[in-house]
Amino acid sequence: MICSICPRKCGAKRTESANIGGFCKAPENPKIARADLHFWEEPSISGKNGSGTVFFSGCSLSCVYCQNFEVSRSKKGRVITPYELAETFKMLEQKGAHNINLVTPDHYVLAIKEALSIYKPDIPIVYNSSGYVTVEQLKVLEGLIDIFLLDFKYIDPKKAEKYSAAADYPDVVQKAICYALNLQPECVFDENGIMQKGVIIRHLLLPLATNDAIKIFDIVRQEYKGAYFSFMGQYVPFGMLENCPEINRKVTKREYEKVLNYILESGFENCYFQDLSSADKSYIPKFEF
């Protein structure tokens, strides 16, 4: 197919096993880098049993600090069929996963829809995205997604362009969040505190970006009623930072606490907080599938 599904609309030629001229480098069939129980998501996603996480290769962003560089650039992974993807969902469900967690699924929505038509697990489906996804992409999976776990990386188009080659990111992500909240306007949890439906908006704090983080939090708190906010402190200098020395370091305790204290003083309760101790490469999973 000639692909124009993501915000870039790059016109790549995607076959079942290859990508010619495309930004995401993803074939038409899903390329998987890892599928296993994952315990490092928000508590209501990971729970005690773990989240049944499927890491897809390729990405429509190009974040210079990407921790999963070999996966996001589609260097790691194995191409499988939608039927095999459905069997992967079944395997994770049988392992006791609380949910099926689709990580960076945006460029594979057509294959995911086909896989879910083959086998729809009896546990929530989580759409875990960078946030750089169009409403049209999300509509492909309408009625199939229970939980939206969306990044809100940038509010500043200049930073979005410099760090992720996507100046339109702030506009794109806010449209995606609005659409997700239309589908899942309220967070619902089971008796064990495991999320069954809802929207979680994540923000990863970058160095020298405390004011941006506060702006993003205020937007979520004031405009996206019903969503949870997840404040992440796991930033590790990684990827391709030669031309971005200002972020080629970890977030300082002072930077982290400035944003943390602002959130706490706001009185907003629907929050998750990731400690600075999570900023360690040891938390990056091994990608083998």
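**Close-up views of a predicted model**

**View 1. A salt bridge joins Asp212 and Lys159.** Their side chains meet at 2.8 Å, N to O. A salt bridge here is a side-chain nitrogen of Lys or Arg within 4 Å of a carboxyl oxygen of Asp or Glu. The pair links distant parts of the chain: Asp212 sits in helix H8 (residues 210-223) and Lys159 in helix H6 (residues 157-164), 53 residues apart. Helices (H or I, at least four residues) and strands (E, at least two) are DSSP runs, numbered from the N terminus. Asp212 counts as buried because its relative accessibility is 15%. Lys159 is partly exposed, at 22% relative accessible area. Buried means under 20% relative accessible area, exposed over 50%, and partly exposed in between (1.4 Å probe, protein chains only).

The model is predicted: local features need pLDDT of at least 70, side-chain atom pairs count only at pLDDT 80 or more, and totals for chains, interfaces and linings use all residues. Residues are numbered from 1 along each chain as its sequence is written, and side-chain values use heavy atoms, with hydrogens and water left out.

**View 2. Arg202 and Glu41 form a salt bridge.** The N to O distance is 2.4 Å. Arg202 lies in strand E11 (residues 195-204). Glu41 lies in the loop between strand E4 (31-38) and helix H1 (43-46), 161 residues apart from Arg202. Both Arg202 and Glu41 are buried. The whole structure has 13 salt bridges.

**View 3. Asp151 pairs with Lys153 in a salt bridge.** The closest N and O atoms are 3.1 Å apart. Asp151 and Lys153 are both buried.

**View 4. Strand E7 (residues 100-103) has buried side chains pointing two ways.** Ile100 and Leu102 point one way, and Asn101 and Val103 the other. E7 runs parallel to strand E5 (residues 51-56), joined by 4 bridges. Strands pair if DSSP finds at least two bridges between them. Gly52 stands opposite Ile100. E7 also runs parallel to strand E8 (residues 125-129), again with 4 bridges. Tyr127 in E8 is the bridge partner of Leu102.

**View 5. Lys159 and Asp212 are among the residues that line the second largest cavity.** A cavity is a set of points on a 1 Å grid over the protein atoms alone where a 1.4 Å probe fits but cannot get out; lining residues have an atom within 4 Å of a point. This cavity holds about 50 Å³ of space. Grid points are joined across faces, edges and corners, and a volume is the space filled by probe spheres set on the points. Other lining residues include Tyr154, His203 and Leu206.

Terms used: On a 1 Å grid over the protein atoms alone, a cavity is a set of points where a 1.4 Å probe fits but cannot get out, and a pocket is an open set with protein on both sides within 12 Å along at least five of seven lines; lining residues have an atom within 4 Å of a point.
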